[in-house]
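I opened this notebook to record what I looked up about aromatic rings and their surroundings.

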Amino acid sequence: MVSNAAAELRMGGSTSVASATASEVRQEAREESREAALPLRKESGQREVFCGLTSIVWLHRRMPDAFFLVVGSRTCAHLIQSAAGVMIFAEPRFGTAILGERDLAGLADANEELDRLVADLLARRPEIRTLFLVGSCPSEVIKLDLAKAAERLNTRLAGQVRVLNYSGSGIETTFTQGEDQALLAMVPLMPGAPRESADAPASELLIVGTLADAVEDRLVSLFGRMGIERVRSLPPRSSRDLPAVGPGTRLLLAQPFLSATARALMARGARLIAAPYPLGVEGSAAWMRAAAEAFAIPQAQSAAVLEPLIERGRRAVEPHRRILEGKRLFLLPDSQLELSLARFLQRECGMELVEVGTPYLDRALLAEEMALLPPGTQLNEGQHVDNQLDRVRAARPDLVVCGLGLANPLEAEGIATKWSIELVFSPIHGCDQAGDLAELFSRPLRRRNLLRFS
Amino acid sequence: MELTLWTYEGPPHVGALRIAASMQGVHYVLHAPQGDTYADLLFTMIERRDRRPPVTYTTFQARDLGGDTAELVKRTISEAVERFQPEALLVGESCTAELIQDQPGALAAGMDLGGIPMVSLDLPAYSKKENWGAAETFYQLVRQLLKDQLPAPGTPAPSPTRWREEGRRPRVNLLGPSLLGFRCRDDVREVSRLLGAEGIDVSVVAPLEARPGELLRIPTADANVCLYPEVAGPVCSWLERRFGQPVVRTVPIGVGATRAFLAELRQVLGMDEPVDTGEQAGTQPLQGGHELRSRLPWYSRSVDSTYLTGKRVFIFADATHAIAAARVASQELGFQVVGLGSYSRELAREVRAAARELGLEALITDDYLQVERAMAEAMPELVLGTQMERHSAKRLGIPCAVISAPLHVQDVPARHAPQMGWEGANELFDSWVHPLMMGLEEHLIGMFRHDFEFVEGHRSHLGGSPPGGSAPVGSQPAEVADSPQEEPAAPGSTTGPSWDPSGEAELAKIPFFVRGKVRRNTETYAREHGLARIDSEALYAAKAHFSA
């Protein structure tokens, strides 16, 4: 799906050497020299991961005026409610159009069926402003054209509801890639920035990727203090409040899993700021510094904002570093956050990396992270879960970052775990959150030392 | 297509997973796309299991679809067999795999699996659901394992009283308990204890914790106890037909049902009725040492429970738990059952019969929205339902207790919490009464409505805020009020009667949990009597009319 993303991004990053910033050139060089230093194993076999439909579990809170209608099977409906159903909803924010035998046999017209369902839904929830038709494995295997359906519904519901389409299917997307696809669907609706030339100076900073509200507010205010006044976010808090994009837009990715969205925004003239991701003190400071550089903020001005943050962040991480230092860490693939987490835990918390697994490795978007990992770090792209668990058992790491399907079984084998999904649902970005992020990993180890049953 | 906000059951392969994960020594190879491994969490998180469920998924991706997915299936099967060395293998597909038609069962049949029994599962994902999948899997597995023991046609059925001739205690199998069933873990413990006290041994419990080898002993029991018809109904009927084993079909949930269950067991096994010591369960308050009796009868008869009389309760669950709850609610707690329904179409007939006895029309549906509408229509004071009913009950501001799957993590508690037997009845009493307002609070809120803390709908023993806080006092949820399913207005009138301020003010004085019902009754009365405006007088007239 995005196999050529890296190549395209690299091209996008250096279409003209004149426009390439110093950091982009450095990145190119680093990428070439580093890749050899990080052994990469590519594995295939059973993958113990979520499909992209799971993104609905956090996107419905980020944009409360949106509704997510999955077109799929009972399995899809069951997945989402198993994940989100422990919360009790007075008003549903997502649902599934379950395909029946008539739909598969072609006896029912898919478009008529969708129209009927959407009408029922909007009668119940008239305040919905954006409706996402979310594709699934079954809808893609039988080649239902949801893009066309969305177009048609848009014309019918003009003015009332905007209808978008993206794929959250397991055959196409893994977990957080669902967000990438959802944002990608929103890109064409973003207004164009005023006509500017292709090498327009930076005029607006666009932070891409879901952030916790408080984290977002904090980062925007810090950028303001640095002198970057115009900062917008994608996704917005309200689905109709989409930021503009154009040649003056500078993209700062808050999340590493946004390959397709980043490319689409660049195709609309925006330029990507190369940086590590804002996890931990070092990553967050480098991330903000890269933005300041892109906006030509004087060094002294950004340093004045950053230095106290760095100082405070380090102090907050310190007690957790004492617990984590020297401990061996094994990360199983889940969200593509793994490289950034490994970098933070190794460099700032003193952990040793046994294996860093990721469901998908976008070399271009992770170049800055790879440059910060110690040479020799074993990367693993893809998964053969049983073989990977054999490696876990053989290595007996002090902490395994893994999904909830594996966490309790590993705990029962005496191996400490940190369930990875929590990292997508927690405010972990920015210097101010570095202590909290470290705490997520030190907590299971502290707990093991606390519990006594004799 | 059907619009589904919440589904009562998963797809049928989740039912098959439940059988595999409940048992030991069984492995399941499931042809499914990447992402379908979410089902593992049902076991590791909701059931809090300490091991991975015994299932290997092919987890194909889009790029595999261009290639040879059949080859992927075969590779997965041989790897799984080699790694896990199961005593029996299940092979099947999920909904997406059903569309690409690789026939994994046929592929497995053509492979050398070292002679382990293999069951190829054919579970139509677009027409059947979880419980059906569980029942079908359990049935196919038992059939496959017992095929060498089948008695020749015309063999007389074994005598259910052969235990006497053989000079041993009677023994029965407990069939149906499984993971993700409702409180099965503790029900098994409770029923086993109950039977032990009656002098009856438990032979095989399955599928929960059983090994394939144990299933081979099923025919040696004197009878099968069908604890959960949704899962074990078909297999019990088959065993009855082919092995002549009688089936005990009463489900022992509630005091009366538990006694009926014991009576049926004794009758099936040809046991003598125990000598009646005049100490019938619950006819007198408990004194220590009677651990085999339930406290429910005394708790329910004690004066503290008088205010429960006639409380309106709406019940929706799987068939087994819905029918049992209706009996307990109406006969043992003195509630008035105002709605009864189930999503178990396979057992719809039984639910309809139970509803008829209560003068109700059963609601048989798997459409959550239809259940929500029926609930709003009935305006109950308590909802006994599934995890899904908690959503609608929250929306309508009605107290709710969960009595059946689908469940979530809070319904797999650490404490012993059966639904069956004497202790089960204790659990029912506590958990159903808990969400209701306590008696004294109910009285005082009815008397004094101007309090700054104990306001409308506040249930202080639950902490937190009043239920239905989002709905303005005395109003129904907008969607309910405007829904086309609203009772039709009287012929000839296009709009119903309207409330004038004095009527509204009077309505606001009605305790919140019956206010919905009073509003509806008063409007019905006004329509029947041709009143266009409802004032306070009309409300009192209606009150007298309906209590007459």
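I note at the outset that the model is predicted.

Entry 1, aromatic pairs. I searched the whole structure and found 13 aromatic pairs over all chains. I then examined B:Tyr8 and B:Tyr343: their ring centres are 5.2 Å apart and their planes lie at 15°, so I recorded the pair as stacked. The pair links distant parts of the chain, 335 residues apart. B:Tyr8 sits in the loop between strand S1 and helix H1 of chain B, and B:Tyr343 in the loop between strand S11 and helix H15.

I placed B:Tyr299 in helix H13 and B:Phe429 in helix H18 of chain B, 130 residues apart. B:Tyr299 is partly exposed at 40% relative accessibility, whereas B:Phe429 is buried at 9%.

I noted one aromatic cluster formed by A:Phe50, A:Trp58, A:Phe175 and A:Phe425.

I found the charged end of B:Arg519 over the ring of B:Trp499, 5.4 Å from its centre. The side chain of B:Trp499 also makes a polar contact of 2.8 Å with the side chain of B:Glu523. I located B:Glu523 in helix H22 (residues 512–528) of chain B. At 14% relative accessibility, B:Glu523 falls under the 20% cut-off and therefore counts as buried. Beyond its neighbours within four places in sequence, I listed B:Pro497, B:Trp499 and B:Ile534 as contacts of B:Glu523.

Definitions and conventions. Residues are numbered from 1 along each chain as its sequence is written. Chains are lettered from A and ligands numbered from 1 in the order in which they are written. This is a predicted model: local features need pLDDT of at least 70, side-chain atom pairs count only at pLDDT 80 or more; totals for chains, interfaces and linings use all residues. Side-chain values use heavy atoms; hydrogens and water are left out. Helices (H or I, at least four residues) and strands (E, at least two) are DSSP runs, numbered from the N terminus. Buried means under 20% relative accessible area, exposed over 50%, partly exposed in between (1.4 Å probe, protein chains only). A polar contact is a pair of N or O atoms within 3.5 Å; within protein, one must be able to donate a hydrogen and the other to accept it, and residues adjacent in sequence count only if both atoms are side-chain atoms. Contact means heavy atoms within 4.5 Å. Rings of Phe, Tyr and Trp (its six-membered ring) pair if their centres lie within 6.5 Å; planes under 30 degrees apart count as stacked, over 60 as edge-to-face and the rest as tilted. A charge sits over a ring if NZ of Lys or CZ of Arg is within 6 Å of the ring centre and within 35 degrees of the ring normal.
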